[in-house]
Every structure is written in structure tokens, then in C-alpha cells.
Amino acid sequence: MVLVILVSFLLGATAFAERMEWRDPNYNFGIPRFILIMEPQFSYDGYEEVGRNKFNRYPYAAEKTNDMLNTRLQDLSRHRIVNMDYVMNQIKADPTLTEPFDPKAAGFTALVQRETGKHVDLIMYLEVRDLGWFYEYHGPYTTTETYTERVYYKRRHRDGTETSGWEDIPRTRIVHHPAGYNISDSAGAAFRLYDAKTGRDVWKYSDSRIRKSPSISQGYDPSGPQSMMKRIFEDAFKKMPLVR
């Protein structure tokens, strides 16, 4: 039931762009007090597994994302943070409600949408996208590499004297690389503040990042995507107009 309501609230999904921010200049961000936090949603359609390319999802993404989100929500200390259970209980206990509170009723989702604005001011949505590692396949190839080789020399001069020592001689060699993958850390997030009373968005922020994964373990950084996501959260909450 809650999932159906959640999907119903997701109107006009935020376009995913690199570090995009939009703010409604007419909305007074000093007014809202109650903020409903929806469960983060996850999508993995940014990288198509074409041919031999593949994408590995970050393990325990939901748990780690919720931990990061709950940590950052502490920045909203002057607001009352609530969840969907709180909203449902408030609607159910409302003595002015003229319709039966029946989750099985055909119009229950519409009822919840209509009544939510009486109990919260803003709804925060978070979409996490492509959290993991992108493996881009490459075939075998060769490269020419330059290196130096230290060699010992001995020279006889015209006057009969000899000199000897070590010197660095530049060399080139052909290196054959086998087929394999270029691995990149990937992380993206889109935040959205939705005015529950007027039914419109008032703030959007999205950030997506990808970088070559340092070869720390098994050819990739096992914590790379999570570290990038932490920085995305830090930047997002710095810009969020609800944070002092």
C-alpha cells in the first residue's frame, strides 16, 4: 500500500544531469516545518550492458544510502522529520476525515495524496542512480613504451687513457596488453523537495559522477562509489535551502 502511494507521489521525475540545481524563487523556505522523507529509490539504467560491457551494483546500497541520508538529515535540526507511517497515522486519527480510512478502497491512494498536505509541508524524494562500477570492455592492444636502461661502459681514448662508469640509455619496447576491462566508479543522486500543500516542486538538485577506479583490490576500489556518494550528499545538503 505504501509503495503504491509512493509511486503515485512521484510526479515529474527529476532529469538527471551533472550538478544541476533549480529553486523556486517564489517559495518561502523559512515556512516549512514538517518534512516527509520518502524511501530512496534506485535505478540502474544509465549504463547499458552493450556487448561485453557490464555494470556491477554496489552491495548493500539501500542500507548504506539510508545511513548517509539519516546522518545528513541531522542538518535539518529546526525541522520535524517524519516518515510515511506518521502521515498515515495522522490521517487515520483526523476527526474531520469524512471518508473511511480503508487501504483496500479504490480511492484510498487519492485520499492519502489529498490529506498529506494537511500534516506535512514538504516531501523529500531521493533517487540514487548507477551506484557501483562500470566495466568497459577493451580488446587486446599494443603500445610503445619508453624506458631507460642503466649500462656499464668502458671507453679507450686516442691518448690511450680509459674511462668507465654507468649511464642511462633510452630504450623503447612494444608491450602487448591482453583483453580486459577499464573499471570506473559510478555514483549519482537526485534530490527533490515537493510542496505537499500546492502539489509542485520547489527545489531540485542532481549530481552524477564517474571516475576511473584506482587499482586497489582486484583491479578496482571497493569503496569508490560510496565515497563519491558521500561527497554528493555533502554538496547537496550544503546547497539545500532548508539547511542553515
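The largest nonpolar core of this predicted model has 34 residues, of which Met-124, Phe-191, Leu-193, Met-229, Phe-233, Met-240 and Leu-242 touch the most other members. A nonpolar core is a set of buried Ala, Val, Leu, Ile, Met, Phe, Trp, Tyr and Cys residues joined through side-chain atoms within 4.5 Å. Buried means under 20% relative accessible area, exposed means over 50%, and partly exposed lies in between, with a 1.4 Å probe and protein chains only. At least two residues of this core come from each of strand E2 (34-37), helix H2 (61-73), strand E6 (122-138), strand E9 (180-195), strand E10 (200-212) and helix H5 (224-239). The greatest contribution is that of E6, with seven residues. Helices (H or I, at least four residues) and strands (E, at least two) are DSSP runs, numbered from the N terminus. In soluble globular proteins, nonpolar side chains tend to be buried together.

Met-240 is in contact with Leu-76, Met-124, Phe-191, Leu-193 and Trp-203, its neighbours within four places in sequence being left aside. Contact means heavy atoms within 4.5 Å. Phe-233 is found in helix H5 and counts as buried because its relative accessibility is 1%. With neighbours within four places in sequence again left aside, Phe-233 is in contact with Thr-65, Met-68, Leu-69, Arg-72, Leu-126 and Phe-191. The C-alpha atoms of Phe-233 and Asp-207, residues 26 apart in sequence, are 9.2 Å apart in space.

The model is predicted, so local features need pLDDT of at least 70 and side-chain atom pairs count only at pLDDT 80 or more, whereas totals for chains, interfaces and linings use all residues. Residues are numbered from 1 along each chain as its sequence is written, and side-chain values use heavy atoms, with hydrogens and water left out. The protein has a mean pLDDT of 89, and 90% of its residues reach 70 or more; pLDDT is the predictor's confidence in each residue, from 0 to 100. Over residues 10-17 pLDDT stays under 50, and the model has 26 contacts beyond four places in sequence for them.

Strand E2 has two sets of side chains. From E2, Phe-34 and Leu-36 point one way and Ile-35 and Ile-37 the other way, and all are buried. In a regular strand the side chains alternate between the two faces of the sheet. E2 pairs in the parallel sense with strand E5 (residues 80-82) over three bridges, and Leu-36 stands opposite Val-82 in E5. E2 and E6 also run parallel, joined by three bridges, with Ile-35 opposite Leu-122 in E6. Two strands pair if DSSP finds at least two bridges between them.

Strands E7 (residues 141-156) and E8 (residues 162-177) pair in the antiparallel sense over 16 bridges. Thr-142 stands opposite His-176 in E8. The hairpin of E7 and E8 has five residues between the strands, and Gly-160 takes a positive phi near 95° there. Thr-148 lies in strand E7 and is exposed, with a relative accessible area of 57%. Apart from neighbours within four places in sequence, Thr-148 is in contact with Asp-168, Ile-169 and Pro-170. The C-alpha atoms of Thr-148 and Asp-168 are separated by 5.8 Å, although the residues are 20 apart along the chain.

Helix H3 (residues 84-93) has Met-84, Tyr-86, Val-87, Met-88 and Ile-91 as its buried residues. Asn-83 caps the N-terminal end of H3, with a side-chain oxygen 3.3 Å from the backbone nitrogen of Asp-85. Such a polar contact is a pair of N or O atoms within 3.5 Å; within protein, one must be able to donate a hydrogen and the other to accept it, and residues adjacent in sequence count only if both atoms are side-chain atoms.

The count of aromatic pairs comes to 13. Rings of Phe, Tyr and Trp (its six-membered ring) pair if their centres lie within 6.5 Å; planes under 30 degrees apart count as stacked, over 60 as edge-to-face and the rest as tilted. Two edge-to-face pairs are set out below.

| Aromatic pair | Centre to centre | Angle between planes |
|---|---|---|
| Phe-101 and Phe-108 | 5.1 Å | 85° |
| Tyr-137 and Tyr-181 | 5.6 Å | 70° |

Tyr-137 in strand E6 and Tyr-181 in strand E9 are 44 residues apart, and their pair links distant parts of the chain. Phe-108 is buried, with a relative accessible area of 3%, while Phe-101 is partly exposed at 23% relative accessibility. Ring pairs also link Tyr-58, Trp-133 and Tyr-220 into a cluster.
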